[in-house]
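Hello,

Here is the structure I promised to pass on to you. Have a look at it first, and then read my notes below.

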Amino acid sequence: MRPAGSTPEDEAAEAAAGVAFIVPKKEISMVPDMGKWKRSQAYADYIGFILTLNEGVKGKKLTCEYKVSETVEKLLDLLETLDRWINETPPVDQPSRFGNKAYRTWFSKLDQEAEALVSTVLPPEKAAAAPEIAVYLKESVGNSTRIDYGTGHEAAFAAFLCCLCKVGALRVDDQLAIVFKVFNRYLSVMRKLQRTYRMEPAGSQGVWGLDDFQFLPFIWGSSQFIDHPTLEPRHFIDERVVNEHHQDYMFLECIKFINEMKTGPFAEHSNQLWNISAVPSWSKVNQGLIRMYKAECLEKFPVIQHFKFGSLLSIQPAKP
């Protein structure tokens, strides 16, 4: 029964205001649960978010002009804080080469501060969402028990950004800044973590990702190249091209990082990418990577069993 004088818009606003934020938890505990995930509102929202950003960055350089909102500035400050904590938490001497235990000290700082950090980014009327959204931030930096990092952690950061859009902290005209400023800064912090604490790749070596750690910058990075007048997929294995253009293209920034971290022939240490360099066009590369991301990350139980669901990214079936 509708109270006299209220409109459907009022009711929608009330319904939105009445959403109780909840601390996200795991819902996918067995392989048969994967069907629930693929039918969920969370899956629809997540993949929709990835594809919207993919469309938004098409044909654009990292150095192009775009709007940088106050929320984006605050997110960059948040990532700057995480970066500073790495400097304040140097690796410790230990017998094993990989998985430096100082990472756990760094992580526990984030664990304690995450809610407060997220609160700085949220509009005051959405302050109650901080505990829910902070979970995705904590999940996005790697696992403190295993000291590893992989595409599931990367997905948590995309989920974190998606939630900020859902509560209205980030808006439609923030799209380019979300990828070129925020996600790019996140990548640089993750690379610093991976280097500093010698983190292991999560999952079996290189099976999930194109490099050992990331996937999304290859999708969005290949979209940046669509309809490029001169640079074709075969060019990214040329180190001269990488050094000349990496400031403009996320994809080449990823290749540069791989070249710095790995030795030996590219075709051996990064076989998946080597194969991609033979694809004739960037739009074909982009479509292929989206398919591969769905199959190798979003539809793989070892990755999705760690994903957490709350009110913003819900396990409930997607609305038709």
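**Aromatic pairs**

Both phenylalanine 225 and tryptophan 282 are buried, where buried means under 20% relative accessible area, exposed means over 50% and partly exposed is in between, with a 1.4 Å probe and protein chains only. Before I go on, please note that this is a predicted model, in which local features need pLDDT of at least 70 and side-chain atom pairs count only at pLDDT 80 or more, while totals for chains, interfaces and linings use all residues. Residues are numbered from 1 along each chain as its sequence is written, and side-chain values use heavy atoms, with hydrogens and water left out.

A pair of aromatic rings is described by the distance of the centres and the angle of the planes. Rings of Phe, Tyr and Trp (its six-membered ring) pair if their centres lie within 6.5 Å; planes under 30 degrees apart count as stacked, over 60 as edge-to-face and the rest as tilted. By this rule the count comes to 23 aromatic pairs. In one of them, the ring centres of phenylalanine 183 and tyrosine 186 are 5.4 Å apart and the planes are at 50°, so this pair is tilted. Both residues belong to helix α8 (residues 175-196), where they are three residues apart, about one turn of the helix. As for helices and strands, these are DSSP runs (H or I of at least four residues for helices, E of at least two for strands), numbered from the N terminus. Phenylalanine 183 and tyrosine 186 are both buried.

Phenylalanine 225 and tryptophan 282 form a stacked pair, with 4.4 Å centre to centre and 20° between the planes. Phenylalanine 225 is in the loop between α9 and α10 (239-245) and tryptophan 282 in helix α14 (residues 282-298), so the pair ties together parts that are 57 residues apart in sequence. There is also an aromatic cluster formed by Trp37, Tyr43, Tyr46, Tyr136, Phe307 and Phe309.

**Charges over rings**

A charge sits over a ring if NZ of Lys or CZ of Arg is within 6 Å of the ring centre and within 35 degrees of the ring normal. Arginine 191 lies over the face of phenylalanine 257, at 5.4 Å from the ring centre. Arginine 198 has its charged end over the ring of phenylalanine 98, 4.8 Å from the centre. Arginine 198 is in the loop between α8 and β3 (200-201) and, at 34% relative accessibility, counts as partly exposed. Its phi is near 45°, a positive value in a residue other than glycine.

Aspartate 227 also has a positive phi, near 65°, in a residue other than glycine. This aspartate lies in the loop between α9 and α10 and is exposed, with a relative accessible area of 73%.

**Helix packing**

For the packing, axes are lines fitted to C-alpha atoms, for helices over the stretch in contact, and angles run from 0 to 180 degrees between N-to-C directions. Angles under 35 degrees count as roughly parallel, over 145 as roughly antiparallel, 65 to 115 as roughly perpendicular and the rest as oblique. Contact means heavy atoms within 4.5 Å. For residue classes, Ala, Val, Leu, Ile, Met, Phe, Trp, Tyr, Cys and Pro count as nonpolar, Asp, Glu, Lys and Arg as charged, and the others, Gly among them, as polar.

Helix α9 (residues 216-224) packs against helix α11 (residues 250-261) at an angle of about 130°, with the axes 7 Å apart; the two are therefore oblique to each other. The contact has eight nonpolar, three polar and no charged residues. Among those that meet are Phe218 and Trp220 in α9, and Phe251 and Ile255 in α11.

The axes of α9 and helix α3 (residues 41-56) come within 9 Å and cross at roughly 35°. Here Tyr46, Ile50, Leu53 and Asn54 in α3 meet Leu216, Ile219, Trp220 and Ser223 in α9, giving six nonpolar, two polar and no charged residues.

α3 also packs with helix α7 (residues 151-166), at an angle of about 90° and with the axes 10 Å apart, so the two are roughly perpendicular. The residues from α3 are Asp45, Tyr46, Phe49 and Ile50, and those from α7 include Ala155, Leu161 and Lys166. This contact has nine nonpolar, no polar and two charged residues.

Best wishes
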